[in-house]
Amino acid sequence: MPVPSMIAIDGPAASGKSTLGFRLAEALGYLYFDTGLMYRAVTWLAIHHQVSISAEAEVTRLAEDVPIEVTAPSQADGRVCDVIVEGRDITWEIRQPQIDANVSAVSAYPGVRQALTRQQRRIGLRGRVVMVGRDIGTVVLPDADLKIYLDASAEERARRRHDENLQRGMPSDYQEVLAKVIDRDRIDTTRAVAPLSAAADAVILDSDRLTADEVFQKARDLCQP
Ligand code: CDP
């Protein structure tokens with residue numbers, strides 16, 4: 001078996017997909033592409049343009065019309081890429097709690113998904129890519145050479161997200177983070193279009209009792225020819 005060229009990593013909020021995806025892409029010399037940031041950028045656009053999150057048609061139009069630029073990192077402040085929309089660097093703004101609270105509603109709109117999936121597929125089909133999200137193995141790249149579904153309990157994921165917030169100097173309350181993680185899981189797994197689920201042929205990794213290094217090593221082993 002050759003080294004997989006198209007690698008899909010899916011899983012729920014804060015399961016460690018981005019950390020794993022970034023390290024794996026680096027080790028293989030592949031492009032790392034985080035699809036969540038596109039849904040976050042559309043959410044940011046709606047809020048920035050004072051479009052109500054419940055205005056499906058208007059939010060969808062933003063997803064269809066506004067290009068989201070993802071470029072190499074311009075600053076060494078922990079970012080893995082720059083996210084530019086309408087000439088503005090929104091890399092960190094899209095990680096704010098207000099975006100977390102609204103992104104799952106935006107990503108449930110079929111038109112938004114259609115617009116973003118089209119762009120993601122174009123990038124993914126070039127190969128030599130690690131693409132991370134919720135529906136990569138099931139919808140965006142169903143023919144991916146390797147599919148990983150990274151899971152962990154809601155409590156463990158909330159603890160990680162809470163620690164991350166504190167490290168970034170953001171105020172954080174564990175119980176609140178846990179409630180939000182559970183709510184986002186609920187919306188992501190129950191939406192009508194492309195709900196979060198493991199592809200039938202995905203390798204499931206449960207990271208509850210594994211360190212980030214151990215998860216990486218297991219994924220790396222799956223890439224051996
Ligand atoms: O990093 P975290 O897991 O918290 O979130 P993310 O990967 O940045 O994704 C944010 C939100 O975008 C998710 O909760 C999903 O609602 C949505 N999303 C999606 O629907 N499909 C994807 N391929 C990626 C993200």
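**View 1. The largest nonpolar core of this predicted model.** Here's a set of 37 residues, with Val59, Ile68, Val85 and Val112 making the most contacts inside it. A nonpolar core here is a set of buried Ala, Val, Leu, Ile, Met, Phe, Trp, Tyr and Cys residues joined through side-chain atoms within 4.5 Å; buried is under 20% relative accessible area, exposed is over 50%, and partly exposed lies in between (1.4 Å probe, protein chains only). Elements giving two or more residues include β1 (6-10), α3 (56-65), β4 (82-85) and α5 (110-124). The top contributor is α2, with eight residues. Helices (H or I, at least four residues) and strands (E, at least two) are DSSP runs, numbered from the N terminus.

**View 2. Around Ile68.** Skipping neighbours within four places in sequence, Ile68 is in contact (heavy atoms within 4.5 Å) with Met38, Ala41, Val42, Val83, Ile84, Val85 and Leu116. There's also a second, separate core of 18 residues, with Leu28, Leu150, Val215 and Cys223 among them.

**View 3. Ala14 and Glu86, two non-glycine residues with positive phi.** Ala14 has phi near 60 degrees and sits in the loop between β1 and α1 (17-28). Glu86 has phi near 50 degrees, in the loop between β4 and β5 (88-89). Buried or exposed, what is Ala14? Ala14 is buried, at 11% relative accessible area, while Glu86 is partly exposed at 46%.

**Notes.** Residues are numbered from 1 along each chain as its sequence is written. In this predicted model, local features need pLDDT of at least 70 and side-chain atom pairs count only at pLDDT 80 or more, while totals for chains, interfaces and linings use all residues; side-chain values use heavy atoms, leaving out hydrogens and water.
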